[in-house]
Amino acid sequence: MALPQMTEDDSKQRIRPIAVPAEQREPAPILEMPGDGAMSAIRKHLTSRGSGAIADRIFLGLMLACALSIFAIVIFIVWILVLRSKLSLTQFGFHFFVRSAWDPVSGDFGALSFIYGTLVTSLLALAMAVPLAMGVAIFLTELCPRRLRAPISFVTELLAAIPSVVYGLWAVFVLVPIMRDQLGPWLYKYFGWTGLFEGYNFGVGLLTASIILAIMILPIISSITRDIMLAVPTSQREAVLALGATRWEMIRTGVLRNARIGIVGAVILGLGRALGETMAVTMVIGNHPDIAKSLFAPGYTLASVIANEFSEATGDLYLSALIEIGLALFLVTIVVNAIARGLVWAVTRGTPSRAH
Amino acid sequence: MSTNPLYTPPPGRDESPLHIPLDINSRYIRLNRVRRQAVNRAVTVLAILSTVLVIVPLVAIFVYLLYMGASSLNLAFFTKIPAPVGAEGGGMANAIVGSGVVLAIASVLGIPVGIAAGVYLAEFGRGKMLAAAVRFTADVLNGVPSIVMGISAYSLIVTVQHHFSAFSGGVALAIMMVPTITRTTEEMLATVPHAIREAALGLGVPKWRTVLSVSLKTASPGIITGCMLAFARVAGETAPLLFTAFGNQFWSFKLNEPIAALPLQIYVYAISPYDEWHRLAWAGSLVLIVMIMVAVTLVRIYAARGMMKGAS
């Protein structure tokens with residue numbers, strides 16, 4: 001019996017199943033093995049279930065799509081905000097950010113007073129929170145008895161998770177009266193000569209907003225700083241101690257100097273949080289667009305003007321000016337956060353910190 | 001003769017000390033030691049002081065919130081809708097249900113996307129540039145002010161529909177949930193031992209099945225807790241709901257109508273001039289705080305078990 005001649009077509013048919021992409025491969029080629037009618041039971045079972053190649057690809061595709069959706073969200077937010085603020089973008093251009101006019105009646109808008117309020121409250125809050133947060137982080141990582149460590153970090157985590165509006169509620173009923181009746185007059189009496197504590201003290205204003213901001217960002221800064229300091233290898237500490245350093249010298253040269261990049265990152269992260277904090281600030285800042293030297297004066301921040309005026313904004317230009325403020329806030333916090341995350345990651349190598 | 005870079009000569013002596021035997025009991029060295037120890041003590045005291053200065057007021061705030069909330073809470077809070085201005089009583093039943101509706105929408109939209117993105121990062125993206133970029137973007141997105149999410153959802157949905165709606169509020173919160181859940185899921189999956197995955201793959205289980213039935217299942221307690229934390233966090237968000245869900249004084253269950261939400265109601269009542277409303281605001285805060293406490297505590301328990309190292 002002559003063997004059948006192998007034609008061009010046949011060879012293609014044999015080779016093709018291996019060469020084609022995985023989607024078309026399964027499971028036909030194995031099932032139709034020529035001349036081999038009896039397959040082993042195991043092979044039959046496996047092939048009848050398919051190789052999973054298609055399912056795997058679909059699965060990977062789905063997961064990838066969801067991962068990419070995070071990029072999509074960012075791009076989409078920028079796009080929609082630019083789209084909706086086009087009116088104000090074209091009308092005022094860059095001057096929007098250097099003019100302090102805010103007159104919804106005559107349609108004249110500028111964001112300078114809000115930028116001022118945001119910067120003053122955020123920087124003041126940082127000035128109050130950073131030294132304290134450093135102290136807490138140093139205490140927690142270097143000095144604290146092991147037994148106290150967990151409860152204290154638990155409390156700070158809990159406080160970092162309390163909603164902004166609840167802090168605002170507390171500030172309205174506790175902090176504002178304290179500012180009005182005790183702290184404010186005291187500051188005026190002893191530091192009035194600086195010119196920072198002048199004018200009528202309502203209890204609400206830039207200083208009150210800064211204090212509540214400081215309280216809110218403290219747990220965040222201290223817990224990230226703690227994570228960063230814990231990432232410094234113990235051998236560094238031991239090396240410095242072995243040279244005869246005191247504990248503080250060990251912390252300064254062995255820990256803080258090694259962790260300084262990450263600590264700067266933690267502080268900037270706190271700044272990003274302070275810049276965008278909305279509800280608590282809106283409730284105690286007084287909501288008045290003004291550039292005042294006195295810290296008692298009511299102010300306005302970028303976030304609080306949106307929160308306060310957005311749902312009452314009449315007219316397209318008014319609305320688009322507010323959306324432009326939102327766009328500015330978004331871009332600034334994106335940049336600030338990107339810098340901060342980069343710095344923190346450089347130290348902790350990508351492990352996320354406990355409090356965001 | 002070269003000078004010793006590690007040694008600053010005492011004032012009045014400028015010669016290099018290398019040829020002089022160091023007298024560790026000399027007056028200068030002794031004073032230096034006293035100074036260094038004094039600085040050490042001062043800094044230690046400062047660190048302890050700042051911790052006390054931070055922890056005590058924060059705990060005081062917390063206890064005050066609990067106290068005010070507990071003394072304002074009653075059954076009517078959970079069963080009645082807000083009373084008209086000036087009338088006694090009333091509750092936030094509609095706001096609690098409204099929060100539930102908005103959060104349900106947010107969870108349905110946000111949790112699957114967040115978990116899937118986390119699965120990609122942990123199971124498929126190890127060591128890839130793309131995964132690092134996603135991770136970074138998620139962390140950055142986490143820090144974006146919530147009010148921006150509110151404007152985005154407003155611009156996307158409310159301006160198209162021409163009215164405020166529960167759905168738009170849910171979308172705003174969902175966007176906020178995604179990055180947190182993504183990062184937690186990734187962290188949880190990273191704690192699953194490789195041997196388990198390899199065992200499954202070695203048995204001929206397809207990759208997708210391995211991920212779903214082995215990796216995710218093993219990490220599920222941690223992932224569920226992470227989702228709870230994200231849920232608790234957005235449950236307290238007010239800013240994104242201001243001009244999406246908008247608030248409502250009455251019952252509402254429809255997705256395309258304005259709906260009440262607990263944090264919104266707290267905000268409105270806190271800045272109102274009525275004592276009765278203030279009382280309700282405190283009670284509402286207590287409900288939010290208790291929810292968050294439960295979530296954070298659960299995360300802590302898993303963290304202590306080593307399930308969620310570094311996740312939040």
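Q: Why is α5(B) largely enclosed by the rest of the structure?
A: Because 13 of the 16 residues of α5(B) are buried. A residue is called buried if 20 or more other C-beta atoms lie within 10 Å of its own, exposed if 12 or fewer, and partly exposed in between, with C-beta atoms placed from the backbone. Keep in mind that this is a predicted model, where local features need pLDDT of at least 70 and side-chain atom pairs count only at pLDDT 80 or more, while totals for chains, interfaces and linings use all residues.

Q: OK, and how do I find that helix on my screen?
A: Look at residues 146-161 of chain B. Residues are numbered from 1 along each chain as its sequence is written, and chains are lettered from A and ligands numbered from 1 in the order in which they are written. Helices (H or I, at least four residues) and strands (E, at least two) are DSSP runs, numbered from the N terminus.

Q: How far does α5 of chain B reach from its first C-alpha to its last?
A: It reaches 22 Å, close to the 22 Å expected at 1.5 Å a residue. The expected span is 1.5 Å times one less than the number of residues in the helix.

Q: Where is the kink in α5(B) centred?
A: On B:Tyr154, and the kink is about 40°. The bend at a residue is the angle between axes fitted to the seven residues ending there and the seven starting there.

Q: What comes after α5(B)?
A: B:His162 follows α5(B), in the loop between α5 and α6 (166-190) of chain B. Its phi is positive, about 65°, although B:His162 is not a glycine.

Q: Is B:His162 buried or exposed?
A: B:His162 counts as exposed, because it has 6 C-beta neighbours inside 10 Å.

Q: Let's zoom out. How many helices and strands are in chain B?
A: Chain B has 10 helices and zero strands. Buried residues make up 47% of its 312 residues.

Q: And chain A?
A: Chain A has 15 helices and two strands. Of its 356 residues, 45% are buried.

Q: What are the domains of chain A?
A: Chain A is divided into domain 1 (23-84) and domain 2 (86-348), with bounds that come from an automatic or database domain assignment. Their centres, taken over C-alpha atoms, are 47 Å apart.

Q: How many residues are in contact between those two domains?
A: Five residues of domain 1 of chain A are in contact with six residues of domain 2 of chain A. Two residues are in contact if their C-beta atoms, placed from the backbone, lie within 7 Å.

Q: Now the two chains together. How many residues does each chain bring to the contact?
A: Chain A brings 75 residues and chain B brings 80 residues.

Q: Which helix gives the most on the chain A side?
A: That is α5(A), with 18 residues on the side of chain A that touches chain B.

Q: What classes of residue are on that side of chain A?
A: The side of chain A that touches chain B has 51 nonpolar, 16 polar and eight charged residues. Here Ala, Val, Leu, Ile, Met, Phe, Trp, Tyr, Cys and Pro count as nonpolar, Asp, Glu, Lys and Arg as charged, and the others, Gly among them, as polar.
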